Amino acid sequence: MNSGRVCVSVCADTLPDMLERAHQVESSADIVELRLDCLDPDQLDQFALPEGRFILTLRPTEQGGSSRLSAEERTRFWARVGPGAGADMEADVVEADAANKFDPLICSFHDFSGRLKDISASYDAIARSNASVLKIAVSVSDAADAIPVLQLLDRAKRDGRRMIPIAMGEAGKWTRILGLAHGAYLTYAALGSGSETAPGQISTDELLDVFRVKELDKSTEVYGIIAGDTTYTMSPYVHNAAFKSSDRNAVFVPFQVADLDRFIRRMVRPETREIDLNFHGFSVTNPYKQAVIQYLDDIDEAARKIGAVNTVKVVDGKLHGFNTDVTGFIEPLNSKFGELVDTRVAVFGAGGAARAAIYALKSNGATVTIFARDANKGHDLATEFQTNFEQLETGNSKLKTVLKPFDVIVNATPVGTRGQHDDESIATAEQLQHVDLVYDLIYNPAETRLIREAKAAGVETLGGFDMLIAQAIEQQKIWTGDLPNVGAMSAAARKKLDER
Ligand code: NAP
C-alpha cells in the first residue's frame, strides 16, 4: 500500500464533453486532469472553474500539448482562473503567487525527443519554481533509459520536494506502474484504451485492477516480461490475475528491452544495477529466449536441451532459467489427443516455439517431421533433435502436398496471427483431410484460418490459448511454489483477447 494518487487525464474539444468524461471516472480517480489545451479556443475563453477535484493543464505544443497560445497568453489565462483547483504549469509561466492560488501547483517539463542528455538540468530548471510538485516526463525507447527518470524521486526526497517522474512510451510503462510504490506523488491514467493523452499511458481500469498500483510498495515482489516489443503481450493480464487472486504482494510488469545486456546489467544484477526494483522473476520472449542464457547462473535440463529459456527466477540476486513452453505445449495436447507414442507429427516452423514443441514431442515418443522455409535452419534443427525435415517449397507458408502421413499438425509459425497474416494458413482443408488433429499455437485470434480449414475438413482442433495458460501456470509454480488460480488467469486472458 502506498499514499500515491491516480490522476485520470481527460481531453475533449468542448467543456461539457470534458466534464462528462471527468464524471465517468469520478469514483475511481483520486483526481482528474482537465487537459484544457484540447479545448477549442472559444471554449477556453469561456472557461470557468467547475466543481470537483481537478488539476488544470494548458500544455503548449512545444511541450507536447495542443495549445498554440504564447507564454504571455497562457500567463494571462492562469491569472484569470482559480483558486480552487490544482494546476500544472511549465517553467516559463509559473509565477511565485501561483503557489498561493493552486493546490497542488505542479511545475512540469516534457521531452518527446527520446534524446534528452541532461535530465538533472531539466530538474534544476523546474526546481527553481516554488511549485509544491515537480513533474518530469521523458520519452524512452528502452526500459533501462527510464532509470534516471525514476531516480529523480531520491533527489526530490533529499530536496524536500514531491515528484512525478514519468518515462513515456511503451518502454517507460514500468515507471507508470511502479512509480507510486517508490514514492511518486501521482501517476497518470487514461480514461480508457484509445483515450491516452500521452505515449504509454495505461487505462484507469488496468492501473487499478490489473496492476493494482495503489497497493504496491517497496516490498512488492516485481515480476515482468522481457521482450523486444511488449505491446501485445498477454502475460501481465494472466500473471497479475494470479497474484491478485492469491492476494500476493506481487506485480507483473512489461519491460520493453532494446538491449538485453544493458537491462541485465543496469536493472537486474545486484553488483551492477542502478536501481533496485525487487525483481523476483521474469518471463522471457522474442527475441531474447536464447540470448538470455549467457546471463543465467544456472539453467534446468529441458531449457538447456532446447537451447531456450522463457522463465527466470531470481533468488538472492542469482538468475535461474527454465522453459515452461515444453509443459505448456504438451499438456493441452495430451489432454486432447492422449498418448503420443509413435504418433506422426508435422511441426511447421523452426523458431523458439517449434524447438520446445519438438523436444516435448520427442520426449513423449512421437515421430516428428519439421516443415520450415529456411533449409539450413530446418536441417540443423532436424539434426539436433533427430527428426525428419521437409522444406516449404515456395519459401513461404504454402504446401504443395497433402499431409497424408501425419496424425497431428502443429503450427509453430506466426502464419494466421491477428493483424499480420490473418487470412493465411499453412495448409488447406483439402491438404488436412487425412489428419486427426490440428494444433495451432496462435491464440489471437482464437479461431485462425488454419483452424477454420481443419474444421472444414472435419478434423479435430486445438488452439494456442490452452498453451498460453498452461505455460503461465508452470511459471507461477516456479516463481511462487504454489498452484495458481487457473480460472482467474484464463478469465483475465479471455477478457483482454475479447477487447482486441
Ligand atoms: P520465432 O522464434 O520467430 O519463429 C517463427 C518461425 O516461423 C520461424 O521458423 C520462421 O521462419 C517461421 N515463419 C515465419 N513466417 C513464416 C511464413 N510466412 N511461412 C513459413 N514459416 C514462417 O517465433 P516463436 O516464438 O517460435 O513463435 C511462433 C508462433 O508460436 C508465434 O505466432 C507465437 O505467437 C506462437 N506461440 C504461442 C505460444 C502460446 O503460448 N500459445 C507460445 C509460444 C509461441 P524463419 O526462421 O525462416 O523466419
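At 60% relative accessibility, aspartate 342 counts as exposed in this predicted model, because the cut-off for that class is a relative accessible area over 50%. The residue lies in the loop that runs between helix H12 (325-337) and strand E16 (344-348), and its phi is near 65 degrees, a positive value in a residue other than glycine.

Aspartate 247 is found in the loop between H9 and strand E11 (250-256), and with a relative accessible area of 66% it is exposed.

Turning to the peptide bonds, the one leading from aspartate 103 to proline 104 is cis, with omega near 0 degrees. Proline 104 has its place in the loop between helix H4 (98-101) and strand E5 (105-111). Another cis peptide bond joins asparagine 444 and proline 445, where omega is about 10 degrees, and proline 445 belongs to the loop between strand E20 (437-440) and helix H16 (449-456).

H9 (residues 235-245) packs with helix H18 (residues 486-499) at an angle of about 140 degrees, and the two axes are 8 Å apart. That angle makes H9 oblique to H18, since only angles over 145 degrees count as roughly antiparallel, and H9 passes H18 in a right-handed crossing. On the H9 side the contact is made by Tyr237, Val238, Ala241, Ala242 and Ser245, and on the H18 side by Ala488, Met489, Ala492, Ala493 and Lys496. Sorted by class, the contact of H9 with H18 comprises eight nonpolar residues, one polar and one charged.

At the level of the whole protein chain, there are 18 helices and 21 strands. The radius of gyration is 26 Å, close to the 23 Å that the globule rule gives for 500 residues, so the protein chain is as compact as a globular protein of that length. Taken along the principal axes, the C-alpha atoms fill a box of roughly 80 × 50 × 40 Å. Of the 500 residues, 57% count as buried, and among contacts in the protein chain with a separation of 6 or more, residues 24 or more positions apart account for 63%.

Methods:
Residues numbered from 1 in each chain as written. Predicted model: local features only at pLDDT ≥ 70, side-chain atom pairs only at ≥ 80, totals over all residues. Heavy atoms only, no water. Axes fitted to C-alpha atoms, helices over the stretch in contact; angles between N-to-C directions. Helix = DSSP H or I, 4+ residues; strand = E, 2+ residues; numbered from the N terminus. Parallel < 35°, antiparallel > 145°, perpendicular 65-115°, else oblique. Left-handed = near helix turned anticlockwise from the far one by under 90°. Contact = heavy atoms within 4.5 Å. Nonpolar A, V, L, I, M, F, W, Y, C, P; charged D, E, K, R; others polar. Rg over C-alpha atoms; globule rule 2.2 N^0.38 Å. Buried < 20%, exposed > 50% of the residue type's maximum accessible area, 1.4 Å probe, protein only.
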